[in-house]
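The following paragraphs lead through a set of protein chains, one topic at a time.

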Amino acid sequence: MIQFINTILIGFTSGAIYALMAMAIVLVWRSTRVINFAQAGLALASAYIGYQVVQSISNYWVALIIAMFAGAALSALIEIAFMRLLLKHTSSGPIASVAPIIATLGLLGIIKAGIAMIWGGQYVVVKPPLSNTGFSIGTHTLVFSPMKLAIVISVASLVLVFSLIFQKTNIGLALRASAFAPEIARLAGVKVDLVRTLGWALSGAAGAVAGLLLTSNGNGSFSPESMEFSLLLISGFIAAVIGGLESLVGAVIGGLVLGLVTSFVLMYISGSLFFIAPFVVLLIVLFIRPQGIIGVKVGRRA
Amino acid sequence: MTRMKRRALISATAVLAVAALTAATVPAQAAEVGVTNSTITLGMTLPMTGTASPGYNKIPGAMKAYFDYLNANGGVNGRSINLKVEDDQYVPTQAVAKTNKLLLQDKVMALIAPLGTANNKAVAASVNPARRGVPVLFVNTGFSGFADTKKYPTTYAILPSYVMEAKIMAQYIKDNFAGKTIGLVYQDDDFGTDALKGFTQAGVTFAAKIPYASGSQSAATAAGWVTKLSAAKCDVVILFGVSSATAAGLGTAAALKYAPQWILGSVGGDATTIKAAGVPAGVLYNAVGASFAPATTDMTDEYVKLFSDIYAKAVPGSAFDNNVLIGMNTAFVAAQALKAAGTNPTRASLLAAIDAKGASFASAALLPLNYSKTSHVGYNGYWFGKYSPTGDLKPVDGKYVLYTTDSGSGAVVKSTWTRPAMPAKGLPQ
Amino acid sequence: MHKLSNKKRLGIFLLLGVAIYFLSGAVDELRVYQGASVAVFVLGISSIILLTGYSGQVSLGQGALLGVGGYAAALMRIHYNAPIWLCFSAAIIVAAMAGGLLGLAAARLSGPYLAGTTLALAVGLPSIANQFAFLGGEQGLLFDVGFPPLSLGKDFTQYKWFFWIASLATLIAIFWLQNVMRSRYGRSWKAVRGNDVAAELAGINLTRNKTLAFTLSAGLAGLSGALLAMTIGTVSPSAFPLSLSFSLLTGAVLSGVTTLGGVMIGAVTLVAIPEIAGAVASRFSSSEAVTNNLPGLLVSTLLILTVLFVPNGPVEQLRTRREHRVNK
């Protein structure tokens, strides 16, 4: 029984972090129709900025907030200085589908190389601010600790804030309008460029928080080559696709499904299936619903 | 920048470029590739970037630190040793391409410490150093196959194999933890499955046997391991993975208040690396660890003392860990091999020298090298120790007890060998 | 090139073959080896151009299909001691079958969903090798095509032999691919790419079309994988990492995804870049952290400059510029 509960808790915490990354990916997708592979680099860069802040003022929560704003700023900068130009040059033909992928992969390479040049190739540590010691029930220890609780609360509040922004303001609508029909949106008075930049900034913030929380879910160590950051991107992307790419709720569901299924597969089938499980989950979901769980079936464009 | 300065800079660059080009095209003075009257050039491939690189990317710096020290002290018979390093990102295709570059363009005399089983297999199959007569000194992998002198006649293993380690660990468990419930966490590639073979051969049965895919180790996956291990009520747990897996496993277990007797494999048992990954030293306390080299923190050991001094001067601020110690030791052994190859060393004389005298080379390890005409096995054993409260691996009761064995069905025996004193100043004699 | 008759094109390919033959005698062993790697990349990149440039589908998992081909070839060699050409055929067929299955799924998926699925495949497939003993685990399997025949002379190196085999296989495959692209299928892919609704109204079966493109593309990728396995003498999971899929995509963009004409540019760049970057890096004798990461930085920068300024590749760029001038 305790094994079963722990499996759920493990999957739930990982899933929450994947969900945040998936949200970051969905935000960029909704605003510019781009899958941003540089997101892993942004998360890593934000984590390093967080590390630098912790070094000087040794307050994790301040560092987390600064990293969040830094992530937002970096992401917005990329959109303004780079993506606008790119999307103008590659708006049609087969290249339109690959250029953003290639370009953001290139950015990822530059960010990673830059980080390695500045901070070196070895581990740095941002000590988790709260205890990772699990709560106890009787003689059993749960895989759930004050730190993990803080992670889940942080993710939940970000999801809540973002959903509010989308529901109470017209930003969500403006984002979709700017991506789907920029000309019409412009005519309707939407500041398309500004809205797109905002989408990227929100995404950068979500990715930055996901990055730092990911390290705090463990011992707090990371390096420019940390596998965990590449995996965070891949898992986030897969979660976003499972959820349906268009919806924030979908991203959260996708993240939790991926986290939970992976956790159960590793616990009850085999630890060797870590990299295969997401592929199978994705295939099953897309076989039943090719547009993802909450995805909207794209209308034919004649 | 003034005009004069710029012109000076341009001409200086031009001179440098020409010098570099001529240096590259002038044929070697001596008879052998990669050997001139004043230099010997060696080449290595390993992951310097990419997910496999952290830790290993310190090895070239460590080897260069020793070679620079050696060169400053007269080199090998008056020749200084030059090390060319190529990044293979742990991809076999890159390893082959970069090895070809080292041999065909940079014209190195020998390859040294190339890393990774799959990479070395690809290099052996494609580049075929054996057919070219190129020595492959001291491959950095625990796959036992490379010691096979028929298949890889110019290749020398140096690390004890994973099979040896598992067999010896099994013996240690029988001697110390008979009747306990034992669990195992292992990487599911050859590294772990070789070990599993060794454990099975020695007749160890596991209450929980948990594989993990290489690259999947994290706090989240480790929480799964710990849950399974404690459900199976394991009192003794072997962690046979890389150091990031050890760090994740130990850190998570401590958080979940699960405290079995840990036994750490040598690859993932380097305390300096584990601590750098954010694990407090106290968590390591009392775990059993295996090594064939002295503990890197043991400053009473003459090799550790000398090597750490050299390294601190060459690469200030970088921690002296197992990768550094093994790297410098490999460089030291290579220097002796080159010295033994004669005043005009050739590839053939280098191979002959290791076959003839390799068994008597000095090294920091607490075991002898086993090189001969018929054996390219390097070290063949381990000692066990316990981690101190500060996380240093120390032999139990202060005395190194060494076990040796082979990669086949041979028995595990206690070794009585004692390491001879270090040659003066740690230079080849 | 489009106006040439089949006979003339065959002539051009034969001439190319002769040129390659003489080239292989004129350059040193390292260049010959790199030539074989170029051939591997030419095929891998062509498989992406066929898929993305012609049928408008994006695959981030092409490296995994190369892996399928490599393993198929190696298993044929090890278990049946099959001649080389049969190993290569098996690689093509098995990879094409895998691609066909993937294509069936792909036809249902739109852009990013397909990208996600193929990415997950590229991440997951290599780890399967550790699950089945017959795939040889992490260290993989040997793939030995044997020494060059003695009749070629004593000094005929192994790498020259690889280069000949790879060049021949590539020339044949590319010639065939050009014919396919000029056929009914090629035209209908272009139609689908331009406007799928109109194409469907014109009686083109979209699903069959897309699946066929995926199948043929996978076949090319399989051959590329088998050649890659030949050049490194082995197949192992780490030889087909996610970064290989990304490299091929990069090569396709450098070549220009809409035309086969520039495929050499991408392939040569992929092979030459590490060497050039390494040479540049070694000129700066600064800290190790900089030297190690400079190649990665240079490649990434080149990539970004290319998509920004020559997004359709140099060949297409030249053509548009020429047409521009003519129109004036």
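Among contacts in chain C between residues at least 6 apart in sequence, those that join residues at least 24 apart make up 78%; two residues are in contact if their C-beta atoms, placed from the backbone, lie within 7 Å. This is a predicted model, in which local features need pLDDT of at least 70 and side-chain atom pairs count only at pLDDT 80 or more, whereas totals for chains, interfaces and linings use all residues. Residues are numbered from 1 along each chain as its sequence is written, and chains are lettered from A and ligands numbered from 1 in the order in which they are written.

Chain C contains 13 helices and two strands, where helices (H or I, at least four residues) and strands (E, at least two) are DSSP runs numbered from the N terminus. The radius of gyration of chain C is 20 Å, close to the 20 Å that the globule rule gives for 328 residues, so chain C is as compact as a globular protein of that length. The radius is taken over C-alpha atoms, and the rule is 2.2 Å times the number of residues to the power 0.38. The C-alpha trace of chain C spans about 60 × 50 × 45 Å along its principal axes. Of its 328 residues, 55% are buried; a residue is buried if 20 or more other C-beta atoms lie within 10 Å of its own, exposed if 12 or fewer, and partly exposed in between, with C-beta atoms placed from the backbone.

Within chain C, one helix pair can be described in detail. Two packed helices are described by the angle between their axes and the distance between the axes. The axes of helix α4 (residues 84–108) of chain C and helix α9 (residues 206–232) of chain C come within 6 Å and cross at roughly 145°. Here axes are lines fitted to C-alpha atoms, for helices over the stretch in contact, and angles run from 0 to 180 degrees between N-to-C directions. The crossing of α4(C) and α9(C) is right-handed; a crossing is right-handed if the near helix is turned clockwise from the far one by less than a right angle, and left-handed if anticlockwise. The contact of α4(C) with α9(C) has 18 nonpolar, 10 polar and one charged residues. In this classification Ala, Val, Leu, Ile, Met, Phe, Trp, Tyr, Cys and Pro count as nonpolar, Asp, Glu, Lys and Arg as charged, and the others, Gly among them, as polar.

Because 12 of the 14 residues of α10(C) are buried, the helix is largely enclosed by the rest of the structure. The buried residues of α10(C) include Leu244(C), Phe246(C), Gly251(C) and Ser255(C). After α10(C) comes Gly256(C), with a positive phi near 100°.

Helix α10(C) also belongs to the elements, together with α2 (29–54), α5 (111–124) and α12 (288–309) of chain C, that give two or more residues to the side of chain C that touches chain A. In that interface 45 residues of chain C are in contact with 42 residues of chain A. The most is given by α12(C), with 13 residues. By class, the side of chain C that touches chain A has 24 nonpolar, 19 polar and two charged residues.

Chain A itself has 11 helices and four strands. Its radius of gyration is 19 Å, which agrees with the value near 19 Å for a compact globule with 302 residues. Of the 302 residues in chain A, 63% are buried. One of the residues of helix α8 (residues 192–216) of chain A is Thr197(A), which counts as buried because it has 21 C-beta neighbours inside 10 Å. Not counting residues up to four places away in sequence, Thr197(A) touches Ala76(A), Glu79(A) and Ile80(A).

Chain B has 14 helices and 14 strands. Its radius of gyration, 23 Å, is close to the 22 Å that the globule rule gives for 429 residues, so chain B is as compact as a globular protein of that length. The contact between chains B and C takes 26 residues from chain B and 27 residues from chain C. On the side of chain B that touches chain C, α3(B) gives the most, with eight residues.
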